[in-house]
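Please keep the view open while I speak.

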Amino acid sequence: PTLLSACSRAATTEEAAFRIQRPNSKTRASRIVALDAGSEAIMHRVAKDEWHGARFFTYGETRAAPDLEDLPYDAVLVGEGGTQSMLSNELEAADVVVMIATEGESTKAASVIGNACFVRGIMGAGLIVAPASAKVRETVTALRPYCSVLVVASGEEYVPEMLTALRA
């Protein structure tokens with residue numbers, strides 16, 4: 001049996017009085033990272049929209065990081081204006097990291113970002129934009145160990161919807 005309070009439409013007036021009627025006051029500090037050339041083009045188009053607290057990057061290169069205590073690798077991220085930033089620095093204030101991939105090669109990038117998120121307790125999400133094919137399986141296999149949310153979408157129109165759902 002479903003309780004009356006389990007459904008927002010069936011709530012009584014007394015129960016509705018305790019509901020918060022405003023959106024979350026704190027925006028998320030999201031980092032969106034394109035892992036390959038195909039996802040970079042998608043990311044640049046999506047980044048033109050208005051986002052609250054989201055920063056967009058392209059995965060640049062993997063670097064050895066002997067100064068990081070928990071991980072052997074760090075990465076260079078390239079921002080929208082061509083500015084470079086280290087992944088470790090960007091993750092200091094991040095709440096969620098969304099990795100966008102297509103059928104490109106993204107295994108190394110996913111492992112470096114995913115492990116960095118895991119060590120810091122940051123949620124990692126993956127969004128693969130590609131039609132169903134054998135190569136998509138490879139990309140899913142590369143991202144799956146590092147993402148608590150992993151979505152395969154057939155078109156790029158899903159990317160802004162996903163980012164909105166994650167409060168980027």
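Arg55 and Glu90 form a salt bridge in this predicted model, and the closest N and O atoms of the two side chains are 3.3 Å apart. Since Arg55 lies in strand 2 and Glu90 in helix 3, the pair ties together parts that are 35 residues apart in sequence. Through salt bridges that share partners, Arg31 joins Arg55 and Glu90 in one network.

How many salt bridges does the structure hold? There are four, and another of them brings the side chains of Arg45 and Glu156 together, at 2.7 Å from N to O. This pair links distant parts of the chain, 111 residues apart, with Arg45 in helix 2 and Glu156 in the loop between strand 7 and helix 6. Arg45 is partly exposed at 42% relative accessibility, and Glu156 is likewise partly exposed, at 29%. Arg63 and Glu61 also meet in a salt bridge, at 3.0 Å from N to O; Arg63 counts as partly exposed at 37%, and so does Glu61 at 39%.

Let me turn to the nonpolar side. The largest nonpolar core has 26 residues, and those that touch the most other members are Leu35, Tyr59 and Ile113. Among the elements that give two or more residues to this core are strand 2, strand 3, strand 5 and helix 5, while helix 4 supplies the largest share, six residues. Which residues does Ile113 touch, if we leave out those up to four places away in sequence? They are Val33, Leu35, Tyr59, Leu87, Val97 and Met99. Apart from this core lies another, of 22 residues, which includes Ile42, Ala47, Trp51 and Val129. As general background, nonpolar side chains in soluble globular proteins tend to be buried together.

Finally, the cysteines. A search of the whole structure finds zero disulfides. For Cys117, the nearest cysteine sulfur is that of Cys147, 8.6 Å away, and because a disulfide requires the two sulfur atoms to lie within 2.5 Å, Cys117 is in no disulfide. Cys147 is in no disulfide either. Both side chains belong to buried residues, with a relative accessible area of 2% for Cys117 and 12% for Cys147.

Technical notes. Residues numbered from 1 in each chain as written. Predicted model: local features only at pLDDT ≥ 70, side-chain atom pairs only at ≥ 80, totals over all residues. Heavy atoms only, no water. Core = buried A, V, L, I, M, F, W, Y, C linked by side-chain atoms within 4.5 Å. Buried < 20%, exposed > 50% of the residue type's maximum accessible area, 1.4 Å probe, protein only. Helix = DSSP H or I, 4+ residues; strand = E, 2+ residues; numbered from the N terminus. Contact = heavy atoms within 4.5 Å.
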